[in-house]
Amino acid sequence: MNILIAADWGNQYTDTGWFGIFVTLTVCTFILVNIFRSNQRTAKGGQLYVRRIQGLNAIDEAVGRATEMGRPILMIPGISSLGPVVVQALNIFSYITRIAGKFATPILLCCADAATYTVAQETIRDVYQTEGIGDKFDQDSVRFISDRQFAFAAGVSGLILRDQVAAAFFMGDFYAESLIFAETANSVGAIQIASSTQTTQTPFFIASCDYVLIGDEFYAASAYLTRQPVLTGSLVGQDWSKIMVALLVICGALWTSFDLGIFHRNKTSIVKKDSQWQILPAPRRVKDSDTFMSHLFNPQSDPALQNTIHRETLPSLTTESGQ
Amino acid sequence: MSYQNYLVYRMGAGVLATIGFYSVLYRENKFYRFFEHMYIGLAVGYSIVALWTETLHDLWWHRMLGAHAVPGANGVPGQPATNAHWAWMLLLPIGLLGYTVFNKKYNWLSRIPIGMIIGFNAGQQIQIWFNQYGPQMKDSMRPIFPTTIKSFFVPDTLHMATKQAAEVKNTVYASQAINNFLFVLTLTCVLSYFLFSFDVKSKVLRGMNTLGRWLLMVGFGAIFGSTVAMRFTLVIDRMYFIFIEFLKQGVFHR
Amino acid sequence: MILASFWVNQSGSIWLFVKLILAFIVPLAIFYGIKDASPGVRRAIIGATFFLTGLVYVLYLIWPKPIHRQPNEIPQNFSESVGFFVSDTVPVAADVANIVATFLLGLGVFSVIKIHSEKLARRHRDWPFSLVLIGSMLLMVIFGYWNYYLKNYTPAGPSLGNPANWTFPSFAEDFLFNGLYQQMEAAMFSLIAFFILSAAYRAFRIRSIEATVLLGTALLLVLRTMTVVSQLWADAPFVRDHPNMQLESIAKWLPNTFQSSSIRGVDFGVGIGLLAMALRLWLSLEKQGQGA
């Protein structure tokens with residue numbers, strides 16, 4: 001049976017391999033379904049609920065202060081290479097730029113990656129243009145510093161100190177350099193709103209910044225700020241997925257406990273190897289690797305499968321070889 | 001100049017740079033500014049060198065043009081010929097599109113190479129999601145009931161026979177069960193703190209939410225504490241470089 | 001004998017160069033042709049770029065992977081053809097993204113040079129520093145490539161591993177890279193130790209309960225590493241009889257029980273957020289740029 005399924009369905013579906021794909025697709029479905037729901041509700045004039053996120057309410061305050069002082073706003077989309085994290089950071093930065101643009105407050109967006117620099121140029125120019133102040137866009141307000149971690153940190157610190165930034169936004173992937181930025185910006189009295197998708201850096205931001213978006217508050221930010229139906233819908237889908245994961249963990253913990261046996265340990269006389277059940281010569285105590293959850297999450301390969309496949313081959317190639 | 005002398009001068013330059021960077025702790029000054037600009041210059045210069053030597057030559061140029069066989073000589077082994085794949089050239093015009101970004105009219109074209117980079121990255125995130133988090137989910141499903149009542153704490157396995165020690169390892173003691181329960185509870189409370197689309201009215205959920213934030217702070221504190229020592233090793237390493245390697249072994253020991 | 005097909009050529013053959021030139025010119029011509037496309041077409045082109053590139057990985061996840069595939073095998077049917085294609089493409093895809101991103105480095109360098117050469121030209125207050133920046137960049141590029149050339153394309157190359165055989169360019173490159181660049185990196189990295197203290201001090205003064213919980217835990221973990229303190233604690237009356245109350249045990253118990261679990265809770269959220277973001281980007285559901 002197993003062989004049949006795998007032969008038709010491919011290597012990754014062998015044994016319990018389907019489970020990971022199933023969970024991933026379920027999460028994707030939750031998100032897409034809720035985006036659809038949200039779009040429908042918006043069409044009817046309603047809106048999905050999003051709870052208050054503290055750090056984000058401070059954005060207006062920070063921009064306002066920079067405007068009053070006439071000093072620039074610094075924004076850094078992390079130091080990772082271009083990907084969804086950077087795009088999300090730039091989404092938040094476009095919102096900030098939009099407010100700053102209205103008051104003609106100078107901005108400074110520093111990038112540690114050339115591809116990020118390209119998108120940031122595009123995105124920020126776009127914001128100015130849609131606001132009808134395209135002529136006020138200064139190409140040099142979006143800068144590439146260096147793509148080496150600490151050279152970038154040195155360059156940004158220098159800018160913070162010399163330009164005396166009034167507000168600083170650090171959002172995206174930050175690593176060890178997070179403290180250099182945050183403490184330097186603090187030393188010039190800037191309001192700081194930070195968020196790192198690298199959880200190991202969050203405590204340093206908490207210790208040194210005024211407001212911190214923890215964990216996926218970063219991803220919830222754009223939904224919270226703009227209330228676009230696609231984003232709020234996606235956020236609801238994400239919540240469903242988190243509940244699913246929590247339930248999975250709780251049920252898994254209970255199931256594993258029962259598999260191991262409460263207070264008196266269970267015994268087993270069969271064991272699964274190479275995705276086949278085998279009978280043991282003598283029953284032995286149940287180990288964690290014998291539990292249902294362990295089998296579900298660790299699909300085994302099936303060596304018997306290879307005998308079911310016979311493909312034709314190309315004639316083998318010979319290449320000129322160095323002597 | 002001997003190589004040893006050169007090394008001392010080289011270290012001297014490094015020491016100067018280190019002092020330059022440390023001076024910013026007092027305040028921003030011209031000395032710092034000098035080394036900061038030099039550092040960025042060197043870093044950008046190095047990126048330009050690495051661009052070819054570490055990325056484009058091996059990943060692109062070599063695959064695109066292939067190579068003839070290199071005969072071995074003087075004990076150095078030769079290398080077989082490699083095929084040329086012209087299609088790699090297609091990436092160059094795509095990459096060049098990025099340079100339209102400064103053009104007001106045609107800057108939309110720069111979104112094509114950008115779209116490729118983001119598209120690949122986004123697809124990859126979907127593909128690896130479960131590989132990354134699945135094992136963590138499994139690991140969190142810890143047994144929350146003890147499997148024995150013989151002892152509350154885990155017995156010391158230091159002086160036990162291997163077989164007995166293995167037995168202890170496969171047993172869940174009450175203290176472990178409590179820890180596992182706290183683990184699952186913390187995980188659930190923290191997850192519940194990150195629910196954004198529910199207006200939490202029930203007292204239990206609200207309590208879980210608050211507890212989640214507190215437990216989170218304990219977790220963050222633990223990270224903070226364990227990182228402090230690591231960061232201080234870096235300073236000690238710098239001090240060793242200045243005082244031992246440069247001054248003691250370099251300058252005064254010649 | 002090297003297999004010559006449409007995609008593969010022998011190194012240095014005439015056909016290879018013809019194809020290379022065409023592969024450079026034809027896309028440029030196409031891009032020139034579409035440069036004035038209407039906004040709808042533009043959106044379609046960009047959306048297709050996102051979708052097709054992301055699709056490779058999504059197919060890698062869900063499309064049946066060929067079982068027990070051996071080199072040089074021919075796929076049996078359509079499903080396997082797709083499977084073969086996808087599993088051949090995925091390892092290359094990361095390189096493709098990497099290479100395209102590398103081509104964009106020129107834009108970043110352009111930004112750096114532009115800002116600092118303008119400072120130079122306008123005799124901005126800090127112009128000497130801009131000169132230092134551009135100068136050190138040029139030196140690094142010149143000696144970096146010079147040394148690379150000497151190492152890889154001259155007969156003396158393999159012997160350059162030994163400093164005794166070095167000439168001026170090798171010394172210069174070593175001085176710039178190992179003497180300055182590496183040392184500066186280490187110096188900048190170690191600055192964090194000072195910042196970690198000032199951050200802790202400040203957070204301590206805020207006296208919010210949360211910050212106190214955070215720093216209390218941190219302090220406990222730091223104290224554990226100090227032998228004097230953990231010894232004093234171990235000798236305290238209650239602790240002496242309860243080995244589980246020793247600083248070492250508590251300091252191990254805290255991270256094991258609370259750190260990994262709470263961080264995992266955050267990470268699950270982050271992971272799902274990232275997945276959702278990736279999904280929205282892949283399907284172009286996100287109004288990119290105008291998002292927020």
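Chain C and chain B meet in a contact that takes 110 residues from chain C and 108 residues from chain B, where two residues are in contact if their C-beta atoms, placed from the backbone, lie within 7 Å. This is a predicted model, in which local features need pLDDT of at least 70 and side-chain atom pairs count only at pLDDT 80 or more, while totals for chains, interfaces and linings use all residues. Residues are numbered from 1 along each chain as its sequence is written, and chains are lettered from A and ligands numbered from 1 in the order in which they are written.

- The side of chain C that touches chain B comprises 77 nonpolar, 27 polar and six charged residues; Ala, Val, Leu, Ile, Met, Phe, Trp, Tyr, Cys and Pro count as nonpolar, Asp, Glu, Lys and Arg as charged, and the others, Gly among them, as polar.
- Strand β1 (residues 84–85) of chain B and strand β1 (residues 8–9) of chain C run antiparallel and are joined by two bridges; strands pair if DSSP finds at least two bridges between them.
- Within this pairing, C:Asn9 in β1(C) lies opposite B:Ala84.
- Helices (H or I, at least four residues) and strands (E, at least two) are DSSP runs, numbered from the N terminus.

**Contact between chains A and B**

- Here 62 residues come from chain A and 59 residues from chain B.
- On the side of chain A that touches chain B, the elements giving two or more residues include α2 (18–43), α8 (202–208) and α11 (292–297) of chain A.
- Helix α10(A) supplies the largest share of that side, 14 residues.
- By class, the side of chain A that touches chain B holds 30 nonpolar, 20 polar and 12 charged residues.

**The sheet of chain A**

- An open sheet of six strands has the order β3-β2-β1-β4-β5-β6 (chain A), with parallel pairing.
- Its edge strands, each pairing on one side only, are β3 (142–144) and β6 (211–213) of chain A.
- From one strand to the next, the twist averages 15°; axes are lines fitted to C-alpha atoms, for helices over the stretch in contact, and angles run from 0 to 180 degrees between N-to-C directions.
- Strands β4 (residues 167–172) and β5 (residues 191–196) of chain A run parallel and are joined by six bridges, with A:Gly172 partnered by A:Ser196 in β5(A).
- Helix α6 (residues 149–163) of chain A packs on the sheet against β1 (73–76) and β2 (107–111), and its direction makes about 165° with that of β2(A).
- Helix α9 (residues 217–226) of chain A also packs on the sheet, touching β4, β5 and β6, at about 100° to the direction of β6(A).

- Five of the five residues of β2(A) are buried, that is, 20 or more other C-beta atoms lie within 10 Å of a residue's own, the C-beta atoms being placed from the backbone.
- A:Ile107, A:Leu109 and A:Cys111 are buried on one side of β2(A), and A:Leu108 and A:Cys110 on the other.
- Three bridges pair β1(A) with β2(A) in the parallel sense, and A:Ile73 stands opposite A:Ile107.
- The β-α-β crossover from β1(A) to β2(A) through helix α4 (residues 84–102) is right-handed: with the strands pointing away from the viewer, the path from the first strand over the helix to the second runs clockwise.
- Three bridges also pair β2(A) with β3(A) in the parallel sense, with A:Leu109 opposite A:Val142.
- The crossover from β2(A) to β3(A) passes through helix α5 (residues 114–130) and is right-handed.

Key: Buried ≥ 20, exposed ≤ 12 C-beta atoms within 10 Å, placed from the backbone.
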